[in-house]
Amino acid sequence: MNDEQAIQLRERFPDELVGKLPRVTCKACSENKQSRHCASHKMIRCPECGNWITEAHMHLDYIGHAATTDRLLKVDREWTWYPVAYDEQGLPRIDANGGLWITLEIAGVKRLGYGAADGKKGPNAVKEAIGDAIRNAAMRFGVALDLWAKEDLHAGDAEANTAPPRPRSATAATAGEAQQPKEAGSAAPSGDILDVAEVEKMKRPITKPQQRRLWTIARNDAGLSDESVKNIVVAITGQESTGAIPRYQYDQVISEILGAAVA
Ligand SMILES: [Zn+2]
Ligand SMILES: [Zn+2]
């Protein structure tokens, strides 16, 4: 592996490839299995993670399988992985915890990784364990290391660290503290799968109807001057024109506009 490849592996991911996994922070909300919120919190369509979920939640940043694979391919088209152990049938050996040890090889360098299925069953469990193990091993090459480091800082001491450190995102739902995005009836990526095509689409500018709607909301509902709208757009997106707002930032701009509404 040359220096350039090593640096490329560590490069920061653009914000739009960083997934937001919601984690409910209110115990009462998470214990209410029916309405999924408590008396002091209401349900919202969260502009950041896109879930229909109690307002009492935070976000864990994560890089999905597809974005990780994309990064590995960019650095070494011939990257590969293989299981550390095989079972009697010659298949990758899954350990007693449902986890899988792998060797990840990038540009001739081999490093170990460990992945788990996190409650998934059947064929999905195997796929999840493989993807998780690749992300874990890739972290040892520096892929998305900044996110892992942040997650580890927040992990706290209660965490049993028998396995190599794994993103909190992958374990968030297992403690019964969080609703899986799927359960929350969400449009957000389920589990850790980040669809590259979907991400590319969200990077494109908003549509004409969205742009018109934005101006209607800003002028009629919020009563803002065109100048204030422009300032908000620049502050959030760095773009001068509302027509250049990327789709993934549309909701954020709208909620900012509504927040700045003239009373
Ligand atoms: Zn609550
Ligand atoms: Zn959210």
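A nonpolar core is a set of buried Ala, Val, Leu, Ile, Met, Phe, Trp, Tyr and Cys residues joined through C-beta atoms within 7 Å. In this predicted model, the largest such core has 27 residues. The protein has 263 residues, of which 32% count as buried, and its secondary structure comes to 10 helices and 7 strands. Among contacts between residues at least 6 apart in sequence, 64% join residues at least 24 apart.

**Nonpolar cores**

- Within the largest core, the residues that touch the most other members are I102, L104, A133, A137, A138, V143 and A144.
- Two or more residues of this core come from each of strand 4 (57-63), helix 3 (65-75), strand 6 (99-106), strand 7 (109-116), helix 4 (122-139) and helix 5 (145-155).
- Helix 4 is the element that gives the most to this core, with 6 residues.
- V143 is in contact with L9, T68, R71 and A138, when its neighbours within four places in sequence are left aside.
- Another core, of 12 residues, lies apart from the largest one, and I206, V229, I232 and I257 are among its members.

**Helix 8 and helix 10**

- Helix 8 (residues 208-221) packs with helix 10 (residues 250-259) at an angle of about 10°, and the two axes are 10 Å apart.
- At that angle helix 8 is roughly parallel to helix 10, because angles under 35 degrees count as roughly parallel.
- On the helix 8 side, the contact is made by Q210, L214, I217, A218 and D221, which meet Y250, V253, I254, I257 and L258 in helix 10.
- By class, the residues of this contact of helix 8 with helix 10 are 8 nonpolar, 1 polar and 1 charged.

**Helix 9 and helix 10**

- Helix 9 (residues 226-237) also packs with helix 10, here at an angle of about 140° and with axes 10 Å apart.
- Helix 9 and helix 10 are therefore oblique to each other, and their crossing is right-handed.
- V229, I232, V233, I236 and T237 in helix 9 meet Q252, V253, E256 and I257 in helix 10.
- The contact of helix 9 with helix 10 divides into 6 nonpolar, 2 polar and 1 charged residues.
- V253 and I257 of helix 10 take part in the contact with helix 8 and also in the contact with helix 9.

**Alanines with positive phi**

- Most residues other than glycine have a negative phi.
- A107 is not a glycine, yet has a positive phi of about 45°.
- A107 sits in the loop between strand 6 and strand 7, and counts as partly exposed because it has 17 C-beta neighbours inside 10 Å.
- A144 likewise has a positive phi, of about 60°, without being a glycine.
- A144 is placed in the loop between helix 4 and helix 5, and is buried, with 26 other C-beta atoms within 10 Å.
- A144 is also one of the residues that touch the most other members of the largest core.

**The loop at V84**

- V84 is found in the loop between strand 5 (80-83) and strand 6.
- With 15 other C-beta atoms within 10 Å, V84 is partly exposed, because a residue needs 20 or more to be buried and 12 or fewer to be exposed.
- Leaving aside neighbours within four places in sequence, V84 is in contact with W101, I102, T103 and L112.
- V84 and Y114 are 30 residues apart along the chain, and their C-alpha atoms are separated by 9.8 Å.

Key. Residues numbered from 1 in each chain as written. Chains lettered and ligands numbered in written order. Predicted model: local features only at pLDDT ≥ 70, side-chain atom pairs only at ≥ 80, totals over all residues. Axes fitted to C-alpha atoms, helices over the stretch in contact; angles between N-to-C directions. Helix = DSSP H or I, 4+ residues; strand = E, 2+ residues; numbered from the N terminus. Parallel < 35°, antiparallel > 145°, perpendicular 65-115°, else oblique. Contact = placed C-beta atoms within 7 Å. Nonpolar A, V, L, I, M, F, W, Y, C, P; charged D, E, K, R; others polar. Left-handed = near helix turned anticlockwise from the far one by under 90°.
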